[in-house]
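Please look over the sequence and the structure shown below before reading on. The briefing that follows is grouped by topic.

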Amino acid sequence: MGLVFLLLAPGALAGPLDQGSKELTGGVAFESTSYSYEDFDLGTQSTLTLTPGFGYFVADNMELRGDLIFTRISASNGSTESFTIYGADASFIWHFGAGDGFVPFVGGGLGMRAASDSEDGDYDTTFVLPVIVGGGRVFLTDSAALNIWVFYNHQMNALFVEDINGNQFGLNVGFSVFLQ
């Protein structure tokens, strides 16, 4: 019960989350994606992704954030092949107070992904809707924080192939620097 109150109770937040503040963020995401076509399970894939981003606080505690997505996959299946995924997510993040040093947040948004490989393959664009995030920040100083969040997204044209759907779950860990 105390945890529910801690997460939902609004509170006064430090200056970094005030209207007009800017955030430079970077993280590493550990992801697991399950793929399906109509009613057929196509399997799962685990990846490691770099996620640099920029946020702008449009109001106190309310951030509009863009994250870039960079994933590199190397495979060996008789020949060496590399695969690069790049894209972007745009999210609206709501921060709510819970006390000194720790600030939980939730948010949602949308995104897109594109791909290229060492074999010059032709790939459809993957559309991501929704992107749902929830996590928290631990402020290390007045302008720097450790960020940890979980996320879910639904992918249309997953695997960069028309009509394949993907459901991705992941954990992102990173740091932020806030500029006033």
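**A buried loop residue and its surroundings**

Thr51 sits in the loop between β2 and β3 (53–59); helices (H or I, at least four residues) and strands (E, at least two) are DSSP runs, numbered from the N terminus. The model is predicted: local features need pLDDT of at least 70, side-chain atom pairs count only at pLDDT 80 or more, and totals for chains, interfaces and linings use all residues. Residues are numbered from 1 along each chain as its sequence is written, and side-chain values use heavy atoms, with hydrogens and water left out.

- Thr51 has a relative accessible area of 7%, so it counts as buried; buried means under 20% relative accessible area, exposed over 50%, and partly exposed in between (1.4 Å probe, protein chains only).
- The side chains of Thr51 and Asn172 make a polar contact of 2.9 Å. A polar contact is a pair of N or O atoms within 3.5 Å; within protein, one must be able to donate a hydrogen and the other to accept it, and residues adjacent in sequence count only if both atoms are side-chain atoms.
- Neighbours within four places in sequence aside, Thr51 is in contact with Thr25, Gly26, Gly27, Val28, Ala29, Asp67, Leu68, Ile69 and Asn172; contact means heavy atoms within 4.5 Å.

**The chain as a whole**

- The protein chain has one helix and nine strands. Along the sequence they follow the pattern α-β-β-β-β-β-β-β-β-β.
- Of the 180 residues in the protein chain, 38% are buried.
- Among contacts in the protein chain with a separation of 6 or more, 57% are between residues 24 or more positions apart.
- The protein chain exposes about 9,700 Å², and carbon and sulfur atoms supply 64% of this area. Accessible areas come from the Shrake-Rupley method with a 1.4 Å probe; for residues, only the protein chains shown count as cover.

**The cavity**

- A search of the whole structure finds one cavity of 30 Å³ or more. On a 1 Å grid over the protein atoms alone, a cavity is a set of points where a 1.4 Å probe fits but cannot get out, and lining residues have an atom within 4 Å of a point.
- The volume of the largest cavity is about 160 Å³. Grid points are joined across faces, edges and corners, and a volume is the space filled by probe spheres set on the points.
- The largest cavity is lined by 17 residues, of which Ile69, Asp89, Trp149, Phe151 and Asn172 are the closest to its centre.
- At least two lining residues come from each of β1 (22–37), β4 (62–76), β5 (80–95), β7 (126–139), β8 (144–156) and β9 (164–179).
- The lining of the largest cavity has six nonpolar, six polar and five charged residues. Ala, Val, Leu, Ile, Met, Phe, Trp, Tyr, Cys and Pro count as nonpolar, Asp, Glu, Lys and Arg as charged, and the others, Gly among them, as polar.

- Glu63 lies in strand β4, and it counts as buried because its relative accessible area is 0%.
- The side chain of Glu63 makes a polar contact with the side chain of His95 at 3.5 Å, and another with the side chain of Arg137 at 3.3 Å.
- Beyond four places in sequence, the residues that Glu63 touches include Glu23, Tyr56, Phe92, His95 and Arg137.
- Arg65 is in strand β4, and its relative accessibility of 4% is why it counts as buried.
- The side chains of Arg65 and Asp67 are joined by a polar contact of 3.2 Å.
- Beyond four places in sequence, Arg65 touches residues including Glu23, Asp89, Arg137 and Trp149.

**An exposed strand residue**

- Thr44 lies in strand β2 (residues 40–50), and it counts as exposed because its relative accessibility is 62%.
- Not counting residues up to four places away in sequence, Thr44 touches Thr33 and Ser34.
- Thr44 and Asn167 are 123 residues apart in sequence, and their C-alpha atoms are 9.5 Å apart in space.

**Backbone details**

- Leu129 and Pro130 are joined by a cis peptide bond, with omega about 0 degrees; Pro130 is in strand β7.
- Phe160 lies in the loop between β8 and β9. It is not a glycine, and its phi is positive, near 65 degrees. Phe160 counts as buried because its relative accessibility is 7%.
- Asp163 is also placed in the loop between β8 and β9. Its phi is positive, about 75 degrees, although Asp163 is not a glycine. With a relative accessible area of 47%, Asp163 is partly exposed.

How values were computed: On a 1 Å grid over the protein atoms alone, a cavity is a set of points where a 1.4 Å probe fits but cannot get out, and a pocket is an open set with protein on both sides within 12 Å along at least five of seven lines; lining residues have an atom within 4 Å of a point.
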